[in-house]
Amino acid sequence: MLSRRNIRVKVMQTLYSIESMNKDTRPGEPLQILKKNLENAQQLFTYLVYHLFEVARYSEKDALQKSQKYLPTESDLKVNTKIAGNELMWSILENSSFQQSLEKFKTKFLIDSELVRKSYLRLIALPHYKEYISQPSRDKKAERQILETIFSEIMIENEDFLSDVEEKFIHWDDDAEMMIVLMEKLFHKPSAFNFAQLIGDEKMQFALELLKTVIEKDEYCLGLIKPKLKNWDSERIALLDMILIKMGVCELLYFETIPTKVTINEYIDLAKEYSTEQSGHFVNGILDNIHKDLTSQNKIHKTNYKNSTL
């Protein structure tokens, strides 16, 4: 379910951690760090989904609390709880892999009940929510859209929620885009979603090979990169830029099924998104230069273009 772009981000995070440790890692530790980063993505996604559902299910708690008032008003006794029975939500809640993920990460203990309550109050004030509960029937499209509304308008556009998730998950800024894509996939194909395996065997193999190759070919990559830096001091280049360039060089040389254009464009985009304002242009220039040299030396060999994926 994770794309190659997502995998590249996780390998990038792992390499950054290793560099921050001055490459002083034990045998097997880089792999452990990578697997932990991938597991953190699973934990974050599980948390986001569960928080969303807690907001939806809060309608029942709201209805109960208002009905138990000493002198409940007519509106207190007529709180609409339709969203608590959202059929798409329950199909996911009853997914065994989701339940296993909840238990594995003890997600229920991470939930801030006051934040859930505030999110629910924002939800019921939305025109789209009022339109949703006004329809007595359940429509698959409407069931999906109201959950999408909670995620897009109540959660990731809410500063209180963002502060909460940033405090709990240090890679939120790096993983936010990935989480949005995963949530979209979940809502459109819930039956095919496996929370225990966000990364398939092929993508995992790509992650492991990319990490291993960049580490093993570090000195060789530097030998290709340094002559292209001209007036740049390699020690003063942004660490993330250097990591991305090394990853790009390794893909150009050692990953035969990934077209060179795809590799270069991917690392330009990652540099723009995760590094400095000038990084995209810088990474583009260095990788393009190295690519031209390697091509002229007949060192790049690509096969099976039709079978390659992003």
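Colleague: Which residues in α9 do Arg-144, Leu-147, Glu-148 and Phe-151 in α7 meet?

Modeller: This is a predicted model, where local features need pLDDT of at least 70, side-chain atom pairs count only at pLDDT 80 or more, and totals for chains, interfaces and linings use all residues. Residues are numbered from 1 along each chain as its sequence is written, and side-chain values use heavy atoms, without hydrogens and water. With contact meaning heavy atoms within 4.5 Å, the α9 partners of those four residues are Met-179, Ile-180, Met-183, Phe-187 and His-188.

Colleague: How many residues of the contact of α7 with α9 are nonpolar?

Modeller: Ala, Val, Leu, Ile, Met, Phe, Trp, Tyr, Cys and Pro count as nonpolar, Asp, Glu, Lys and Arg as charged, and the others, Gly among them, as polar. One residue of the contact of α7 with α9 is polar and two are charged, while the nonpolar ones number six.

Colleague: Are α7 and α9 roughly parallel or roughly antiparallel?

Modeller: Helix α7 covers residues 140-155, and its axis lies 10 Å from that of α9 at an angle of about 165 degrees. Axes are lines fitted to C-alpha atoms, for helices over the stretch in contact, and angles run from 0 to 180 degrees between N-to-C directions. Angles under 35 degrees count as roughly parallel, over 145 as roughly antiparallel, 65 to 115 as roughly perpendicular and the rest as oblique. The two helices are therefore roughly antiparallel.

Colleague: Is the crossing of α7 and α9 left-handed or right-handed?

Modeller: A crossing is left-handed if the near helix is turned anticlockwise from the far one by less than a right angle, and right-handed if clockwise. The crossing of α7 and α9 is right-handed.

Colleague: Which residues of α8 make the contact with α2?

Modeller: Helix α2 (residues 29-67) and helix α8 (residues 159-168) pack at about 150 degrees, with axes 11 Å apart. That makes the two roughly antiparallel, and α2 passes α8 in a right-handed crossing. On the α2 side the contact is made by Leu-44, Tyr-47, Leu-48 and His-51, and on the α8 side by Phe-161, Asp-164, Val-165 and Lys-168.

Colleague: How many aromatic pairs does the structure hold?

Modeller: Rings of Phe, Tyr and Trp (its six-membered ring) pair if their centres lie within 6.5 Å; planes under 30 degrees apart count as stacked, over 60 as edge-to-face and the rest as tilted. The number of aromatic pairs in the structure is eight.

Colleague: How many residues apart in sequence are the parts tied together by Phe-53 and Phe-98?

Modeller: The pair is edge-to-face, with 6.1 Å between centres and 70 degrees between planes. Phe-53 lies in α2 and Phe-98 in helix α4 (residues 96-105), so the separation in sequence is 45 residues.

Colleague: Is Phe-98 buried or exposed?

Modeller: Buried means under 20% relative accessible area, exposed over 50%, partly exposed in between (1.4 Å probe, protein chains only). The relative accessibility of Phe-98 is 0%, so Phe-98 counts as buried.

Colleague: Where does Phe-195 lie?

Modeller: Phe-98 and Phe-195 form a tilted pair, 4.9 Å centre to centre with 55 degrees between planes. The pair ties together parts 97 residues apart in sequence, because Phe-98 lies in α4 and Phe-195 in the loop between α9 (172-188) and α10 (201-216).

Colleague: How many helices are in the chain?

Modeller: Helices (H or I, at least four residues) and strands (E, at least two) are DSSP runs, numbered from the N terminus. The chain has zero strands, and its helices number 14.
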